[in-house]
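User: I'm new to this one and would like a quick tour. Can we go through it in questions and answers?
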Amino acid sequence: MLNAFLEALLFQAGYNTALVAIGAALLGIAAGGGGSFLFLRKRALVSDAVAHATLPGIGLAFMIMVALGGDGRNLPGLLLGSALSAMLGLIAVEWITRNTRLAEDAAIGAVLSVFFGFGVVLLTIIQTMTRGYQAGLESFLLGSTAGMLYQDAVVIAIGGSLAVAFVLLLRRPMTLVSFDAEFAATSGINVARMDLVMMGLVMAVTVIGLKLVGLILIVAMLIIPPVTARLWSERTEHVVFIAGGLGGLAGYLGAAFSASAPDLPTGPIIVLISFTLFAISLLLAPGRGVLAAFLRHKRFQIRVHRRQGLLALARGEVILEPLTRRVLRRERLIRRDGVATEKGRAAAAKAVRDESRWALARQLYQDETVYSRYDGLTPIETVLTRDEIADIDRRLGPPAPVM
Amino acid sequence: MSEVALELASNEGKAVAKPLPADSPLLIQELTVAYGEKPAVFSVDASIQPQSMTAIVGPNGAGKSTLLKAVLGIVPRLSGKVLVFGEPIENVMQRVAYVPQRASVDWDFPTRVIDVVLMGLYRELGLLRLVRRAHRERALACLDRVGMADFADRQIGQLSGGQQQRVFLARALAQNADLYLLDEPFAGVDAATERAIIDVLKALRGEKRTVVCVHHDLATVSDYFSNVLLINIRKIAEGPVATTFTAENLQKTYGGRLATAHIDQLKLPVA
Amino acid sequence: MGAEFVQLSLTPILIGILAAIACALPGNFLILRRQALIGDAISHVVLPGIVVAFIVTGTITTWPMLIGAAGAAVVAVIIIEAIRRVGRIEPGAAMGVVFTALFAAGVLLLEQTDTSGVHLDVEHALYGNLESLIWFSAEGWGSLLDPQALAGLPPELFRMAAAAFIIGVLTIIFWRPLKISTFDEGFAGAVGVPTTIFSLGLVIAAAVAAVAAFDAVGSIIVIAMFICPPAAARLMTNRLEIQVLWSIVFATLSAIIGYVLAGYGPLWIGRDHAVSAAGMIATVSGIILALACLFAPHRARIGAPKEG
C-alpha cells in the first residue's frame with residue numbers, strides 16, 4: 001500500500017491517476033485561495049448553499065441532454081447545468097436576505113435543503129426514466145474518481161488551472177474588498193461587482209470539484225484551508241497564499257492516497273487530510289493556537305494576581321484570595337502565614353514605585369497612550385522613554401521602603 | 001432643577017456616616033476583568049452607598065459596561081469579589097435588576113411590549129405558572145410608570161429607541177429589586193424619554209432603593225446623580241458628586257487637552 | 001382512499017408529519033438565535049455518530065444509534081465553540097470546518113466497514129426511505145381498532161411519535177426561559193436562567209429530533225424542516241407563540257402535500273413511478289417559504305438589527 005501511495009504520489013501509477021492528482025492539487029489551490037476571500041468576508045457558508053444548489057441543475061441538464069437525443073452523462077453539459085442552478089440558488093439567498101426579515105443563515109439553510117431536496121426528486125425521476133441504464137449521477141454527491149474518463153480528468157485539470165489563474169489575477173482587488181469593503185469602494189473598486197466575481201469563483205470551484213469530491217464535501221475545500229491559514233497569519237495576502245498552498249497539498253496528497261487502495265474515496269480523504277492540517281494548526285499555531293492561548297492565559301492570570309498581591313502587601317493588607325497567595329508563595333514573596341518576606345517587601349516597593357511613576361506620568365503627559373494604558377500591568381517603559389522616566393524619578397525622590 | 005439640588009443636599013448628610021461594608025448594596029473588591037491579554041478593568045474597589053444614585057463615569061473603553069457585566073457574572077472575573085447586601089451576588093440575584101444596553105438585543109424579535117415586561121416576573125412565574133390578571137396588571141403598572149401603558153400590545157420592533165429603553169426600564173421595575181444596575185440608559189434617547197427615565201430612577205431612590213448607572217454624559221452628572229464612581233480601567237475616585245466630581249478628578253480620568261475643554265464647560269468647583 | 005391508502009400511505013404520512021414537527025419546533029429558536037445552520041451541521045454529523053455506534057455494537061438498533069448521533073452532535077458543538085473562542089474564527093466558518101470533516105469521516109468509516117448485513121449507506125442517510133415504512137397488516141380504516149393489526153405498525157412510527165412528544169413537552173415546559181434567553185441572553189442570566197445549559201439543551205433537542213427523523217426520513221427533510229417552516233412562520237406573525245403554531249401548520253402541510261405529490265403526482269401526469277418523498281417534502285416546504293417571502297403579512301423587517 002505504501003508503495004502504491006508513493007507511485008501515485010510520483011505520477012507512476014498511470015496517466016489518468018497523475019492527471020487526477022494534478023487536477024485535485026490545482027482545484028485545492030483555487031478553492032483555498034478563492035475560499036479565503038469568502039471566509040474573510042464572513043460568508044463562508046454561502047458556499048454550502050451554492051454547492052447543494054448544483055444538484056437540480058445536474059438532473060435537469062441530464063434530462064434535457066437525453067431529451068435532445070444526446071448522452072446524458074456529458075460532463076461539460078452537466079457542469080453547465082449545475083452552474084446555472086447554483087447561480088439561481090445564490091440569487092435566492094441574496095434576495096431572501098435583502099427583501100425579507102430573514103437573516104442570511106436562514107436563507108442559506110432554506111436554499112440548500114430545498115434545492116437539494118428538489119435535486120433528489122429529479123434523480124429519482126431519472127432513475128425510472130433510464131430503465132436499467134445507470135445514469136450514475138449519484139457520484140456527484142460524494143465524488144468518484146474510480147472509472148473516471150480521460151476527458152473528465154482533462155476537464156478538471158484545465159478548469160483547475162483556469163481557476164488558479166483567476167485567483168492570481170484578481171487577488172488584489174478581492175483582498176481589498178474582503179478586508180474593508182468601504183475603503184475598497186472609496187478607492188474606486190466596484191464592490192458589488194467584486195462580490196459577484198468572488199461568488200463566480202466559488203461557483204467555478206464547486207462545479208469543477210463536483211466530479212472529484214462531490215457537492216456535499218466541496219464546501220470543506222473552500223472553508224478548511226482558509227480557516228487553517230487564518231490561524232497562522234494576521235495578513236490577508238498571506239492567508240490567501242497559505243490557504244492556496246494547504247488546499248493544493250491536501251488535494252494532491254488526497255488524490256494520490258485514494259488512488260493507492262480501494263475503499264478510499266477521494267473526497268473524504270482530501271477533506272480529512274485538510275482537517276488534519278487544521279487540527280495540528282489549531283493546537284500549535286503561535287497566536288491563535290490552543291496551547292499558546294492556554295499558556296498565555298495562565299501567565300496573564302498569574303501576572304494579574306502577582307501585581308494585585310504586591311500592591312495589597314504594600315498597603316499592609318492581608319491577602320485572602322487563595323490564588324494570589326499561591327502565586328506569591330511560589331515566588332517566596334510571602335511566608336506561609338501570609339507575611340511578606342524580604343524579597344516580597346522589595347518587590348512590593350518596586351510595584352508601588354511603578355504606581356507612583358504612573359500617577360505622576362499621568363499628570364505630566366496628558367496624551368492618550370498614557371491614559372489608555374494605565375491598566376496596572378503595562379510596564380511604564382513601554383509608554384515613556386528612558387529620559388522621561390528618569391525625569392519622573394527625579395521628581396518623585398528616593399523610593400519608600402515597604403514595612 | 002431645584003428639587004434635584006435639594007435631594008442631593010440631603011443625601012450628602014446621609015453619606016457622611018459611612019456604613020459598614022456589610023450594609024452596602026454593592027461592594028466590589030479588587031475586581032479585574034480582561035479580554036484576552038489586556039485588562040478591561042483592573043483591581044477596582046468600590047462601595048456603593050445605600051439608597052444612592054451612583055453614576056459610573058469614564059471615557060470610551062474605560063471598562064464601565066464591563067464592570068457592570070462582571071459584577072453580574074455575565075463576563076467572567078479574573079479575580080475579585082462582588083458582595084450585594086453582604087452576600088456573594090450569586091446568592092441574592094433576586095434583589096438585583098439589570099437593564100442591558102438597548103443595542104444588545106435584536107428588536108425584530110417576535111414579541112410584544114407587555115411580554116417583554118412580563119419577563120421581569122420570571123423569578124415569580126417560574127417555568128409553568130400561568131400569567132394571571134394580577135401579573136398583567138403589575139406589568140401594565142410598570143409600563144405606566146415609564147409612560148408606555150398605551151404601547152402594551154405593540155410589537156417591540158415598532159418602538160423608537162427611547163421607547164425601547166423605557167420598556168427595558170419597565171421590565172426592571174417589574175423585578176421589584178433593591179439594587180438597580182443600568183447600562184447607559186440615556187444613550188441615544190430623546191429628551192422626553194431622558195426626563196421620564198430620570199423621574200423613575202429618582203422615585204426608586206425615594207423608595208429606599210439603590211441605583212447604579214453607567215453614564216457617559218458629563219453635563220448631566222451633577223443634576224441626576226448623588227454619587228459618582230470615576231473609572232478608567234482602574235478606579236480613579238469614588239464619592240458624593242459634590243466632592244468627587246471635580247475638575248481635578250475628571251482630568252485624572254480623561255486626561256488630554258480635549259478633556260480640559262470639556263471640563264471647563266462644566267464649570268465645576270476646583271477642589 | 002381505502003384500504004390501500006391505509007396500508008401504503010397512512011403510516012409514512014404520519015411519520016413524515018411527526019418528523020417535520022419534531023424538527024420545526026427547535027428550528028423556531030435556532031432561527032431567532034441566528035443559528036439556523038446548526039441544524040445543517042447536526043444533520044451532517046449524525047452520520048459518523050451512527051456509523052461509530054454501529055461499529056461498536058454491531059447492530060443498528062434504536063438506542064445505540066440515538067446515543068451515537070446525539071454524542072456526535074454534542075462533540076461537534078463543543079469543537080465548534082472551541083474553534084470559535086480559541087482560534088477566534090467566526091461561527092459560520094468554524095461550523096463549516098467541523099461538520100464537513102465529521103461527515104467525511106463518517107463516509108470513510110462507512111466505506112471501510114462491512115455493512116452488507118444491514119441497511120446503512122450514505123444515500124439512505126441522505127434521503128431516508130419514507131415510502132418503505134408501510135403498514136403491512138392493515139386492511140382498511142377498521143384496522144385502526146384492530147389490536148392485531150396495530151401490533152404490526154412500523155416501529156419507526158412509535159419512535160418518531162416519542163421524539164415529537166418529548167420535544168413538544170420540553171418546549172412547553174421550558175418555554176419561558178427559552179424565550180427570554182433567546183431574546184436577551186444577558187438579562188436571562190441576570191434573572192437566573194442558566195443560559196449555557198439552555199443553548200446546549202437546544203442543540204441536544206435538535207440532535208434528538210434529527211436522529212429520530214434521520215432513520216425514517218433522511219437528513220434532507222431534517223435540514224429543510226429545521227429551517228423552512230419556522231422561517232415561513234416568522235413572516236406570518238410578530239408573536240413567538242403564534243409563530244410556533246404556524247411552523248407546526250407549515251411542517252404538517254409540507255409532509256402531507258409532499259408525500260401525496262411524490263406518491264400520486266406522477267400517476268396524475270401519466271407516469272407510473274413515484275419519486276422521492278423526502279425530496280418532495282423538502283421541495284414543498286421550500287415552495288411554502290417562497291410564497292411566504294412574497295405574500296406573508298409580516299415579511300419585511302421593522303426593528304433595527306442587532307449591532308455587532
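User: How many residues does the contact take from chain A and chain C?
Analyst: This is a predicted model, where local features need pLDDT of at least 70 and side-chain atom pairs count only at pLDDT 80 or more, while totals for chains, interfaces and linings use all residues. Residues are numbered from 1 along each chain as its sequence is written, and chains are lettered from A and ligands numbered from 1 in the order in which they are written. Residues are in contact if their C-beta atoms, placed from the backbone, lie within 7 Å. The contact takes 50 residues from chain A and 53 residues from chain C.

User: Which helix gives the largest share of the side of chain A that touches chain C?
Analyst: Helices here are DSSP runs (H or I, at least four residues), numbered from the N terminus. Helix 6 (104-130), helix 11 (218-232), helix 13 (266-284) and helix 14 (290-314) of chain A each supply at least two residues. The largest share, 16 residues, comes from helix 6 of chain A.

User: Over how many bridges do strand 1 and strand 2 of chain B pair?
Analyst: Strands are DSSP runs too (E, at least two residues), and two of them pair if DSSP finds at least two bridges between them. Take B:V33: its bridge partner in strand 2 of chain B is B:V41. Strand 1 (residues 26-35) and strand 2 of chain B run antiparallel, and the number of bridges is seven.

User: Which residue in the hairpin of these strands takes a positive phi?
Analyst: The hairpin of strand 1 and strand 2 of chain B has two residues between the strands. The one with a positive phi, near 65°, is B:G36.

Definitions and conventions: Contact = placed C-beta atoms within 7 Å.
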